[in-house]
Amino acid sequence: MENIPVRFESIFSADCIIFGFDEGELKILLIERNEEPFKEWFALPGNVVYQSESIDEAAERILYELTGLKGIYMEQFYTFGEVNRHPKGRVITVAYFAMIRLNGQKELKPITNYAKKAVWVSVKDLPKLAFDHSEIFKKGFEKIKNKISYQPIAFELLPEKFTLTQLQNLYEVILNKKLDKRNFRKKMLAYDILKELDEKQKGVSYRAAKLYKFDKRKYSKYFHNELSFGKE
């Protein structure tokens, strides 16, 4: 049987969903595209993978080039390979997500002309996105909804020092449901992974609440199984 040469014509890309939490709202990082197709549309930070780099390396490079952010740990969560997802040909994308603290983040500044700008947008006010990026976002949002129920990833979004109200608000925003205040606080404190500080909120017009920190060392030492965060 004659050997038929195989031609590899698929292109790989990396798309990044970066979540942040600010002023009671869950946000994601978007870029405004400056190239066709979908010029002037909003999109997730994403681009093609170079032949000389791994997909993980590409994701870091792409995020930096399109937003100016670097040094952010991102986790692969899904591969999107529909045949017609890109108008110029077959592009298979590997999607990543990260959750970062927005307080103290430097100004977003793309270093390539591929993006006009990078902005934080509330997940409640997302515009229609380029390509299939709306579907990628939905998949990523479902990922963190599931993960936040059994791993303490919420603490990656909060300030280092936070109140129990801020913590509960974050869970309610992500899970899209109200949680009973008494039960939530009782469960969180019972896990003994929150360190109560000898500090209270400053600069608030209402009664200042106690501040807490997530005790990552204690969590790593004592908890090897999944916990039921946010479940009642």
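This is a predicted model: local features need pLDDT of at least 70, side-chain atom pairs count only at pLDDT 80 or more; totals for chains, interfaces and linings use all residues.
Reader: Why is the pair of aspartate 22 and lysine 27 called a salt bridge?

Author: The closest N and O atoms of aspartate 22 and lysine 27 are 3.5 Å apart. The cut-off is 4 Å, so the pair counts as a salt bridge.

Reader: What makes lysine 27 buried or exposed?

Author: Lysine 27 has 15% relative accessibility. Buried means under 20%, so lysine 27 counts as buried.

Reader: Why is lysine 116 called partly exposed?

Author: Its relative accessible area is 40%. The class runs between under 20% for buried and over 50% for exposed, so lysine 116 is partly exposed. Glutamate 40, with 48%, is partly exposed by the same definition.

Reader: Which parts does the salt bridge of lysine 116 and glutamate 40 tie together?

Author: The closest N and O atoms of this salt bridge are 3.1 Å apart. Lysine 116 lies in strand S7 and glutamate 40 in the loop between S2 and S3, so the bridge ties together parts 76 residues apart in sequence.

Reader: How many residues does the largest nonpolar core have, and which have the most contacts inside it?

Author: The largest nonpolar core has 37 residues. Those with the most contacts inside it are Phe19, Leu26, Ile144, Leu167, Tyr171 and Ile174. H3 gives the most to this core, with six residues.

Reader: What does isoleucine 174 touch?

Author: Not counting residues up to four places away in sequence, isoleucine 174 touches Leu26, Met99, Phe141, Ile144, Lys145, Ile148 and Leu157.

Notes. Residues are numbered from 1 along each chain as its sequence is written. Side-chain values use heavy atoms; hydrogens and water are left out. A nonpolar core is a set of buried Ala, Val, Leu, Ile, Met, Phe, Trp, Tyr and Cys residues joined through side-chain atoms within 4.5 Å. Buried means under 20% relative accessible area, exposed over 50%, partly exposed in between (1.4 Å probe, protein chains only). Helices (H or I, at least four residues) and strands (E, at least two) are DSSP runs, numbered from the N terminus. Contact means heavy atoms within 4.5 Å. A salt bridge is a side-chain nitrogen of Lys or Arg within 4 Å of a carboxyl oxygen of Asp or Glu.
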